[in-house]
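Good morning. Please look at the model on the screen while I go through its ligand, its pockets and its cavities.

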Amino acid sequence: MIMKDILAIHGGKPVRETYLPYGRQWIDEEDIKAVVDILKGDYLTTGPTIKAFEERIADYVHSKYAVAISNGTAALHAACFAAGIKEGDEVITTPMTFAASANCVLYQGATPIFADIDPKTYNLNVEAVERKITEKTKAIIPVDFTGQAVDLDKILKLAEKYGLIVIEDAAHALGTSYKGKKVGSISDMTTFSLHPVKHITTGEGGVITTNDETFYNQLRMFRTHGITRDARLLELKGQGAWYYEQLALGYNYRITDIQCALGMSQLGKLESFIQKRRDLVKQYHGSLASIDGIILPYESAFSDSSWHLYIVQLALEKFTVGRKEIFEALQAENIGVNVHYIPVYYHPYYQQLGYKKGLCPNAETLYENSITLPLFPMMEAQDVEDVVTAIKKVLNYYRKA
Ligand SMILES: *Cc1c(COP(=O)(O)O)cnc(C)c1O
């Protein structure tokens, strides 16, 4: 007979003494100095560090333009504005994402349409997207879920066939490549988030990259009230040097020089952060593969992943309890597991708009069965080992005889 350890949730000793969160930023002295230098300088905002950061990002993803903005949600909102999305339009996206990927469509008065995911990659299923296209469809917002790129060639081909704009939500995928090309250089517009759990951080922050000058101008205007001083864009020509015009209803979505200085410093470490994530994932794969009842993330041939999230599925029929009990038992062992994501249309706000459960069965199944394991660059091999030990302890306890 196998002895079962007493679970921490039943009063046993937890696998870890300290709590391991699911994600965390990495800030070092160099980052702190970069921020302090800005605080001592002339420009806290609307200064040259914003432009410098944008150039570094564009250079990194090989896009023509980059626009830094207050957060990843504002990046999506600005992209929807630049794409001309308005009331009466439909925009197709995935339900397996953070609500912001769909909220940005609602901000513009348009309607988000949810297409189901591929049960293997967890990314939008391109055939499911095509089935949702109508006369009203204006754009597609695919999400590079967990850091693995959606099949962009197929998405772009579909977009071309129906005259749609592709706004790629790459909040998880800074540093990811698709068929050897960096995400951020491929879609009409690509948005990134610089929230502390993402690959690099500015506290709050976001970026949109594009190769299109018209989108670029629209994005910059939207970030600052819809106002421009660019002589080429002004309606009235030949005015004085003080002159500016508000050409659209924009917002104050500006990012600060303080944040961009942090972003520049962080960007210098991005490749090492990603490498660390990939090493930790390799260790997870190796240690978890032999555990019965766990389904590991699938890696598609056309994309590498910068691994924002490490999500496993549980074969729940093998256990005496559900995902909730397993989740809570792991938390009690001091393992900061999480769940990504509640399908967007499950939220009461979307339910009240008329979206019905059952809409995207693959996304719903993933939601029912999955847990996200801790993954961030400051983790050490021992932390992964603790997670694996806790998973073995909890799953063996609840395994059906
Ligand atoms: C984090 C995230 C966002 C929003 O970014 P914020 O910077 O938090 O506003 C949007 N989409 C996805 C998929 C995200 O993970």
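**Cavities, pockets and a ligand**

I start with the lining of the largest cavity, whose residues divide into six nonpolar, four polar and two charged. In that count Ala, Val, Leu, Ile, Met, Phe, Trp, Tyr, Cys and Pro are nonpolar, Asp, Glu, Lys and Arg are charged, and the others, Gly among them, are polar.

Before going on, a word on the source. This is a predicted model, where local features need pLDDT of at least 70 and side-chain atom pairs count only at pLDDT 80 or more, while totals for chains, interfaces and linings use all residues. Residues are numbered from 1 along each chain as its sequence is written, and side-chain values use heavy atoms, with hydrogens and water left out.

Now the terms. On a 1 Å grid over the protein atoms alone, a cavity is a set of points where a 1.4 Å probe fits but cannot get out. A pocket is an open set with protein on both sides within 12 Å along at least five of seven lines, and lining residues have an atom within 4 Å of a point. Grid points are joined across faces, edges and corners, and a volume is the space filled by probe spheres set on the points.

How many cavities of 30 Å³ or more does a search of the whole structure find? It finds two. The volume of the largest cavity is about 80 Å³. Its lining includes Lys 120, Tyr 122, Phe 145, Glu 299 and Trp 307. Trp 307 has a phi near 50°, which is a positive value in a residue other than glycine. You will find Trp 307 in the loop between strand E12 (294-295) and strand E13 (310-314). Helices (H or I, at least four residues) and strands (E, at least two) are DSSP runs, numbered from the N terminus.

The largest pocket has a volume of about 510 Å³. It is lined by 19 residues, and closest to its centre are Thr 46, Arg 220, Arg 223, Thr 224 and Arg 254. Helix H2 (48-61), helix H7 (213-223) and strand E10 (227-228) give two or more residues each to this lining. H7 gives the most, with five residues. By class, the lining of the largest pocket has seven nonpolar, five polar and seven charged residues.

The second largest pocket has a volume of about 370 Å³. Of its 23 lining residues, Thr 73, Phe 98, Ser 193, His 195 and Lys 198 lie nearest its centre. The lining divides into eight nonpolar, 12 polar and three charged residues.

Which pocket is the space taken by the ligand? It is the second largest pocket. A molecule sits in a pocket if more than half of its atoms lie within 2 Å of the grid points.

Around the ligand there are 16 residues, and the closest are Gly 72, Thr 73, Asp 169, Ser 193 and Lys 198. By class, the shell has six nonpolar, eight polar and two charged residues.

A side-chain N or O atom of Thr 73 lies 2.6 Å from an oxygen atom of the ligand. For Gly 72, a backbone N or O atom is 2.7 Å from a ligand oxygen atom. For Tyr 341, a polar side-chain atom is 3.3 Å from an oxygen atom of the ligand. The protein covers 92% of the 380 Å² of accessible area that the ligand has on its own, by the Shrake-Rupley method with a 1.4 Å probe.

Last, the backbone at Tyr 341. The peptide bond from His 340 to Tyr 341 is cis, with omega near -5°. Tyr 341 is placed in the loop between helix H10 (323-332) and helix H11 (348-352).

Notes
A residue is near a molecule or strand if one of its heavy atoms lies within 4 Å of it. A polar contact is a pair of N or O atoms within 3.5 Å; within protein, one must be able to donate a hydrogen and the other to accept it, and residues adjacent in sequence count only if both atoms are side-chain atoms.
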